[in-house]
Amino acid sequence: MTDPSVPPGHAAPSDGGAGAASPPAEPALDGGVDGPEVAPLSRLEPDPTASRRRRIPGWVPWVVGLMTVMLLGGAVAASAAVRVDEVLFSPGSVRSTADRVKISGATSYPIDGDVLFATVSVRQATLFDTLFRRPWDDTLRFTPIEEVYPDGDKEAVDAANESAMDDSKTVASVVALRHLGKEVTFTGDGVAIVDVSTDLPADGLLQPGDLLVGADGRRLQLTDDLHAALDDKEPGGEVTLSVIRGGAKPKDGNHSADASATDDDDEGRGGDAGGEDPKPGTEEESITVPLAAAEDGRAIMGVNVADYNLDVVLPMDITFDSGEVTGPSAGLAWTLAIIDELTPEDMTNGKRLAATGTIGPDGEVGAVGGLPQKTAAVRRSGAKLFLVPDGLPEGDLAEARELADGEVELVEVATLDEAVDAIEDFVGA
């Protein structure tokens, strides 16, 4: 019997032997007609969405953050090294005078309290200061560098400040001892001619830089000696002077005259004894100068004079340790410290107070700069009284009082006596 016919395209049923029909083909992936078997796409290449599902390792944000911090830190550090054309004034230190003033050769007394002097930190500002500190710190002051260091000569300004500190110590010693009734002696090497007025008797006879060492046979050490020699003179008379031509002008051109005076009036105080000509000499010349009448009737020559090589002889030794601090603004504090140490009663009565201001030969308290910055420093020190010079700019005083914030009392004083009275009121309160 024959097999039934098989429709075209189909294999006959088989038991697995040769000639058995192939299994039906899998449908096409696109749902089309049957065709040869094709492997799924997922088996041939990665799924393009797989990378989107990958997680970023946990350490990556830390590395990025660290690099950002390092970059910012490097930028800030670099800004601190870039200098700008401004000088930065900021609160400095507040220093004790009790352990910085030493007196020997006289009886001194222990000090329970203390007079402090405040300082201002001064340096050239940096880009960091201007960008990051200026907006947030109201104790800072920025000043154009040319206003602080004229002609860019920082060394000259520093040297002047060192000299001013030395002078403040000398004047403080003199004023304090005079306040206590102690004897102070001044010595000098003559009277320097600073200036000669035209159309007055000395014109053409004396010149700037001349050194007067005698008058009518009396030796001259100080300007006071010259004034004494002229006191008994009448206008129309004359005085015979011993003069060293150019003796008040050293060969190196530096001036040596100190606190100046004049035989005409008080103008010209603080002038120097220099002059272009004549050159320094050593021989004395005798010169007779006629005397004219001043407006008040005194007999005058018509010169402005100064003490030459002024020195002070104290009845005791007083030494100061100012450290690296320069400038004259500790003068009042030095004076008060000397008085306190030489007074049996404790002037400060165990309390700490601060003071700033120059001190003059007559005990006058002079103006200083940087009051707001000093006030901020005093407040940080814990002192409750701050003596400051009278007559400072109202803007500085207002800013200083704002920085004091009620924690420090600012008291303006014009003289040493006022400062002492203010301390007595403070310690007695």
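This is a predicted model: local features need pLDDT of at least 70, side-chain atom pairs count only at pLDDT 80 or more; totals for chains, interfaces and linings use all residues.
Gln 373 belongs to helix 7, which spans residues 371-381, and, once neighbours within four places in sequence are left aside, Gln 373 is in contact with Phe 89, Ser 90, Pro 91, Val 120, Thr 139, Leu 140 and Arg 141.

The buried residues of helix 7 are Leu 371, Pro 372, Gln 373, Lys 374, Thr 375, Ala 376, Ala 377 and Val 378. Just after helix 7 comes Gly 382, which takes a positive phi of about 95°.

## The chain as a whole

The secondary structure of the protein chain comes to nine helices and 21 strands, and 38% of the 429 residues count as buried. Among contacts between residues at least 6 apart in sequence, 78% join residues at least 24 apart. The accessible surface of the protein chain comes to about 24300 Å², and carbon and sulfur atoms account for 51% of that area.

## Nonpolar cores and a surface patch

In soluble globular proteins, nonpolar side chains tend to be buried together. The largest nonpolar core of this model has 40 residues, and Leu 332, Leu 336 and Leu 387 are those with the most contacts inside it. Helix 6, residues 331-342, gives the most to this core, with eight residues. With residues up to four places away in sequence not counted, Leu 336 touches Val 115, Met 347, Ala 355, Leu 387, Leu 416, Ala 419, Val 420 and Ile 423. A second, separate core has 21 residues, including Val 196, Ala 215, Leu 226 and Val 239.

On the surface, Val 82, Leu 127, Leu 131 and Phe 132 form a nonpolar patch, with about 320 Å² of accessible area together.

## Salt bridges

Side chains of opposite charge can pair when their charged atoms come close. With a side-chain nitrogen of Lys or Arg required to be within 4 Å of a carboxyl oxygen of Asp or Glu, the count comes to ten salt bridges. One of them joins Arg 245 and Asp 210, with the closest N and O atoms 2.7 Å apart. This pair links distant parts of the chain, as Arg 245 is in the loop between strand 9 (238-244) and strand 10 (257-262), while Asp 210 is in the loop between strand 6 and strand 7, 35 residues apart. Both Arg 245 and Asp 210 are buried.

A salt bridge at 3.1 Å, N to O, brings together the side chains of Glu 407 and Arg 379. Because Glu 407 lies in the loop between helix 8 (394-404) and strand 21, and Arg 379 lies in helix 7, the pair ties together parts that are 28 residues apart in sequence. Glu 407 counts as partly exposed at 36% relative accessibility, and Arg 379 also counts as partly exposed, at 30%.

## Glu 412 and its surroundings

Glu 412 lies in strand 21, residues 409-413, and forms a salt bridge with Arg 401, the closest N and O atoms being 3.5 Å apart. The two residues are eleven places apart and link distant parts of the chain, Glu 412 being in strand 21 and Arg 401 in helix 8. Glu 412 is partly exposed, with a relative accessible area of 30%, and Arg 401 is partly exposed with 39%. Elsewhere, salt bridges that share partners join Asp 210, Arg 245 and Glu 285 into one network.

Apart from residues up to four places away in sequence, Glu 412 touches Val 388, Pro 389, Asp 390, Gly 391, Leu 397, Arg 401 and Glu 418. Glu 412 and Leu 387 are 25 residues apart in sequence and 6.0 Å apart in space, C-alpha to C-alpha.

## Loop residues with positive phi

Most residues other than glycine have a negative phi. Asp 199, however, has a positive phi near 65°; Asp 199 is found in the loop between strand 6 (191-196) and strand 7 (211-215), and counts as exposed at 73% relative accessibility.

Asn 309 likewise has a positive phi, near 55°, and its place is in the loop between strand 14 (303-308) and strand 15 (311-313). Asn 309 is partly exposed, with a relative accessible area of 32%.

Definitions and conventions
Residues are numbered from 1 along each chain as its sequence is written. Side-chain values use heavy atoms; hydrogens and water are left out. Helices (H or I, at least four residues) and strands (E, at least two) are DSSP runs, numbered from the N terminus. Contact means heavy atoms within 4.5 Å. Buried means under 20% relative accessible area, exposed over 50%, partly exposed in between (1.4 Å probe, protein chains only). A nonpolar core is a set of buried Ala, Val, Leu, Ile, Met, Phe, Trp, Tyr and Cys residues joined through side-chain atoms within 4.5 Å. Accessible areas come from the Shrake-Rupley method with a 1.4 Å probe; for residues, only the protein chains shown count as cover. Patches are made of residues with over 30% relative accessible area and no salt bridge: like charges are joined within 9 Å, nonpolar side chains (Val, Leu, Ile, Met, Phe, Trp, Tyr) within 5 Å.
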